[in-house]
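Have a look at the model below, and take a moment to turn it around before you read on.

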Amino acid sequence: MISQFFVLSQRGDNIVFRDYRGDVQKGSAEIFFRKVKFWKDDGEAEAPPVFNVDGVNYFHAKVVGLLFVATTRANVSPSLVLELLLRIARVTKDYLGILNEDSIRKNFVLMYELLDEVIDFGYVQTTSTEVLKSCVFNEPIMIDAARMPPLGPAALFMQGSKRMPGTAVTKSVVANEPGGRKREEIFVDIIEKISVTFSSSGYILTSEIDGTIQMKSYLSGNPEIRLALNEELNIGSSGRSLYDYTGSTGSGAVILDDCNFHESVHLDSFDVDRTLTLVPHDGEFPVMNYRMTQEFKPPFHINTLIEEAGSLKAEVILKVRAEFPQNITANTVVVQMPVPSYTSRISFEMESGAVGQVTDFKESNKKLEWGLKKIVGGSEHTLRAKLTFSQESHGNITKEAGPVSMTFTIPMYNCSRLQVKYLQIAKKSKTYNPYRWVRYVTQANSYVARI
Amino acid sequence: MAPPAQSQRSHSPSQPSGKGEVSDLKMQLRQLAGSRAPGTDDSKRDLFKKVISYMTIGIDVSSVFSEMVMCSATSDIVLKKMCYLYVGNYAKYNPDLALLTINFLQRDCKDEDPMIRGLALRSLCSLRVPNLVEYLVGPLGAGLKDGNSYVRMVAAVGVLKLYHISGSTCVDADFPALLKHLMLNDPDAQVVANCLSALQEIWGLEASSSEEAVREREALISKPIIYYLLNRIKEFSEWAQCTVLELVSKYAPPDSNEIFDIMNLLEDRLQHANGAVVLATIKLFLQLTLSMTDVHQQVYERIKAPLLTLVSSGSPEQSYAVLSHLHLLVMRAPMLFASDYKHFYCQYNEPFYVKKLKLEMLTAVANESNTYEIVTELCEYAANVDIPIARESIRAVGKIALQQYDVNAIVDRLLQFLEMEKDYVTAETLVLVKDLLRKYPQWSHDCIAVIGNISSNNVQEPKAKAALIWMLGEYAQDMQDAPYALEGLIEDWEDENSPEVRLHLLTAVMKCFFRRPPETQKALGAALAAGLADMHQDVHDRALFYYRLLQNNVSVANSVVNPPKQAVSVFADTQSSEIKDRIFDEFNSLSVLYQKPSYMFTDKEHQGPFAFSEELGNLSIGSEPADDILPAQRVEANDEDLLLTTIEKEENRAHGNNDSAYNAPAYDSSLSQLAVSQTDGELLSLDQTVPADAPQPSSAIDDLFGLGLSIAPSPAPSPPLKLNSKAVLDPSTFQQKWRQLSVSISQEGSLSPQGVAAMMSPQALLHHMQSHYIHCIASGGQAPNFKFFFFAQKADEPATFLVECIINSSMCKAQIKIKADDQSASQAFSALFQSALSKFGMA
């Protein structure tokens, strides 16, 4: 059971504060914020999501720079409380379209209304946007989406492909659009976060894809939806050892290690024809999460060369090659590499004709940073960096630098080859033909090349 | 809500000071109160919003209470909600004003819109004003019978709120019974869930004072209710499913078919996207199969994939919560996860708290086949720019070295760390090399060769410096310049801030002196002089001790400082296996994240609805002598604990039980039984064995071996009741039985004044009762209140009697509760028990 729920801004101000049971002192938000801000136990840099101060347990989740916090004195399930905090954030986003400090401040009365229905005396009642719609009456006050930096995984579609309506993902599920009528549409996003570790010789040491099929529905009347995935889709790695990279890649089968589903999903025919049936709730929710360690082709190949040039100088050559088709473009690519701590200066030499590239030497944490606005499939980019040291390096520079890490976003591309073959909406009438958007995106989670 | 009182001082300068604005608001609200002009509601909304926003930032707006109430006469539901919110926040501090709201809330409770009925009822119950409870009973009663499920849902929680304001009002109105009826009959699953939550809390709290509540609380985990809830499991929301699953995990199915039925029914819950549901299911599966070793192992295999998926699919916060549970399982059965080690590799962008758990798991699963790869990976982290992780990684390599038999390669790696010439790497490595040498002295030659090259100037951290100094002293004969290195360190005595280092320095220079006297004499003199002048008491004392030792007899001094040493075989585990088992019992709770059992961080009243009554917190086992009986065996058992896997351990445990039970000497049965509990690593004190919110016994395994049963030869049955002199019962079986059985007799007994006098030593009572074949399993408390748990068994059949006896020595009274396998004999047993008790102190 939860005693209090509150949302704090980055500066520690209460944006909303709801006390459910009155058994935790009123000053808890301040105690919590001070503890998080000055967390320096055993040299640990950041506070864990759950900690105990004087018998009060504080749970927090960081959402778009805000702190969503719950307190309790009871020994509850931490998973439950943390799930709940993120669910509250999601419901709020469903209502407000955009979740940030400004939108919550403008709609705090609505927030209180939601919180009253989500939790009663510390017990969770419902977190379904669908159910909440019937008992929440405030109209959301919309904030100007254009001025706000896009947030959340779905937001990345806004920069990428022009085919997507830019405002869709920031649309509230309850507010009416200026035109009065709501547009009937449904978004299905296949979002994959990939983690790859390359050895210093370029071999893949470990790789994993963590994917989500996320749905956001603006359909009226709750029609039933059928979502068909690849027919050759195997789940569970039985009979095959994990990390078996010798397995055939030519065959079309997608092998997932494991997956889980939203509770509204019916799996009756899943074993037969790999289709998911569901009646989508209002709002955004993950239909299916999956995990895959089957071999896949990493989208980027990274090559690093370090050459010592005298005792106080060295040259680093970074090469990034895009291993995906030419009609695909990765964006917001950042390559980072820690350099020896005694590096005093770096001069960069970009390839000729480089467009939209920036380089930086982060002195405070001794990191080299290379940003590329776009990388077109099949292309290769090189950066030369000349390092100047303030003292002689003792021996092996490769032990003092690296590994190279990379972050990127690739719209309309997914590594697992998991596909939504079709999205069928049970028809209400012949003229009913809502917009359907099926979108793919790949993001780097931990993409590391050792040197 | 924000603090209403005394808050004006604390707000930041940017916020309005309050006073002026609040009185403005007051004026405006007053003007609107009577107005019926069109658009009034909109103006009211704006004003109400202002009031609530002041409330949130901590400005006291309680002064507009009466105006708010006046304005509440509206049909606008948004306005009503804001008003309820305001009232709920301030009523507690303004009970007189709260009375004003009762009227309109009661009226709203009868509104034709169910939404308004529900909202009003919720607000009414949230006022938290004790002298208004009389107004709650009527609306609550009506709410529980309301035709609309939303209202019933609110009413069910309302009953719980009433209970917290005034327990007696709630119980007198017979609300718990109504809740129970609703729980078993309501078509709406959320109503059922709310009733269940409310009942768990109410009966949990009532249980300390009422027999009936104890029975009702136990009835919740009876088969009909459990089956009823399980059959409806899919109707519940994901959150309510968690509540139900947690309840079911306390149910002990009588046979394995039932266990398999439940598991098959809930199998698909493991595929749920909500981690809380999956963890609750896993807890249930683990608890159900505790006594079925092979199935238990299958459960581990089955839950691996879902856990790993949850770890990688959620936010960092969610994955931390799940990973902590995975960590617990890996620590319990590392063998089962040995092939999954790659999942525990760290990703560079993970937060420290996640990486730390992963490093511990990597350490635990390292075995002969994967050590090479794990250590290679760890070495990568050691070179990492993230210093705390680099340190942890080096420690992990060291731990793996300490737990492996073939440490050859690892020692080389450790020594390579020293070549990296990073301060913190060197520091961590030195500490590890020291531990390694204590376990594997045979490696000294290689290590010393490298250590000898380290300049003590490059080592600043006290722990590392102490380790280096220890090695200089211990291996003085192998290290060419040990005396001179020590001499240098002693010269800097004044600048050495750490007493730990100075203590080590004294000892090391002594050791060195006995090995290489001529070279060290000067350094020793300097060290002793500096030590005697040291401000730190311990350092001073040690210097003085060495000085006098040398004065007295040099050869004795040598044998004191340089005794023959044995290699350390196993370093003590930081956490006892009892604590670990306790945490495992509290799976899917904060205990797992904190790696502490709940009694260490939770107030008694919050330990959960199923905790034993509070006083049990201080109980300890009856006979202290048991502690001394088999210390050797205990150590041995602990050693084995460190080396064996869980399953082996459990077998070992059970084996130990059997042995001792059979060998128990005739009369000393109670003592030897206690000794058994010691050796088998079970929890001794009841406050530890009784899991606060998960009384599912951890050692149902013992049942498997029939240990709950008497194995003594049965003498010819002769009436009236005869007790078995060698009754045996282990604490967990006791616990389980205590929970399952209902109280058959509860009465008051008396103690003789002599008995009370003898209570000066509660141990005496235990011996006395034992002479009547009534054995103590746990006891505790302080004068004048003592609490004992006894058990006895019938001589002719394996029927057990359990007794809870609370003695108040100042009143010469004893509260006795008896539970029995054979209810028909409990009267006879009660008489026997009382007569035994009354004779205490007479002899």
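Here is a short tour of the two chains and how they meet.

## Before we start

This is a predicted model, in which local features need pLDDT of at least 70 and side-chain atom pairs count only at pLDDT 80 or more, while totals for chains, interfaces and linings use all residues. Residues are numbered from 1 along each chain as its sequence is written, chains are lettered from A and ligands numbered from 1 in the order in which they are written, and side-chain values use heavy atoms, with hydrogens and water left out.

## The two chains

Let us begin with chain A, whose secondary structure comes to six helices and 26 strands. Chain B has 42 helices and five strands. Both elements are DSSP runs numbered from the N terminus: helices are H or I with at least four residues, and strands are E with at least two.

Of the 451 residues in chain A, 60% are buried, and of the 843 residues in chain B, 58% are buried. Here buried means under 20% relative accessible area, exposed means over 50%, and partly exposed lies in between (1.4 Å probe, protein chains only). The accessible surface is about 18300 Å² for chain A, with 49% belonging to carbon and sulfur atoms.

## A four-stranded sheet in chain A

In chain A, four strands form an open sheet in the order β17-β18-β23-β20, with antiparallel pairing. Its edge strands are β17 (300–308) and β20 (343–350), each of which pairs on one side only. Two strands count as paired if DSSP finds at least two bridges between them. Strand β17(A) is joined to β18 of chain A (residues 313–322) by nine bridges, and the two run antiparallel. Within this pair, T304(A) stands opposite L318(A).

E307(A) is partly exposed, at 40% relative accessibility.

## Strands around β22

Strand β22 of chain A (residues 367–376) pairs with β19 of chain A (residues 329–338) through nine bridges, running antiparallel. In that pairing, I375(A) is the bridge partner of A330(A). Strand β21 of chain A (residues 357–362) also pairs with β22(A) in the antiparallel sense, over six bridges, and V358(A) stands opposite G371(A).

Strands β21(A) and β22(A) form a hairpin with four residues between the strands, where K366(A) takes a positive phi near 50 degrees. A charged pair also belongs to this part of the tour: K362(A) and D360(A) meet in a salt bridge, at 3.2 Å from N to O. A salt bridge here is a side-chain nitrogen of Lys or Arg within 4 Å of a carboxyl oxygen of Asp or Glu. K362(A) is partly exposed at 31% relative accessibility, and D360(A) is partly exposed at 33%.

## Salt bridges within a chain

Side chains of opposite charge can pair when their charged atoms come close. By the rule used here, there are 68 salt bridges over all chains. One of them joins R11(A) and D13(A) at 3.4 Å, N to O; R11(A) is exposed at 55% relative accessibility, whereas D13(A) is partly exposed at 29%.

In chain B, E392(B) forms a salt bridge with R395(B), with the closest N and O atoms 3.2 Å apart. The two are three residues apart in helix α21 (residues 387–403) of chain B, so they are separated by about one helical turn. Is E392(B) buried or exposed? With 16% relative accessibility, E392(B) counts as buried, while R395(B) is partly exposed at 33%.

## Where the chains meet

The size of an interface is often given as the accessible area lost when the parts come together. Chain A and chain B bury about 7600 Å² between them, with 55% of it on carbon and sulfur atoms; this buried area uses a 1.4 Å probe and is summed over both parts. The contact takes 87 residues from chain A and 87 residues from chain B.

How many salt bridges does the rule find across the interface of chain A and chain B? It finds nine. R21(A) and E201(B) meet through their side chains in a salt bridge of 2.4 Å, N to O. There is also a network of salt bridges that links E113(A), E117(A), D120(A), K81(B), R122(B) and K161(B).

Methods
Contact means heavy atoms within 4.5 Å. Buried area is the accessible area (1.4 Å probe) that two parts lose on being put together, summed over both. Accessible areas come from the Shrake-Rupley method with a 1.4 Å probe; for residues, only the protein chains shown count as cover.
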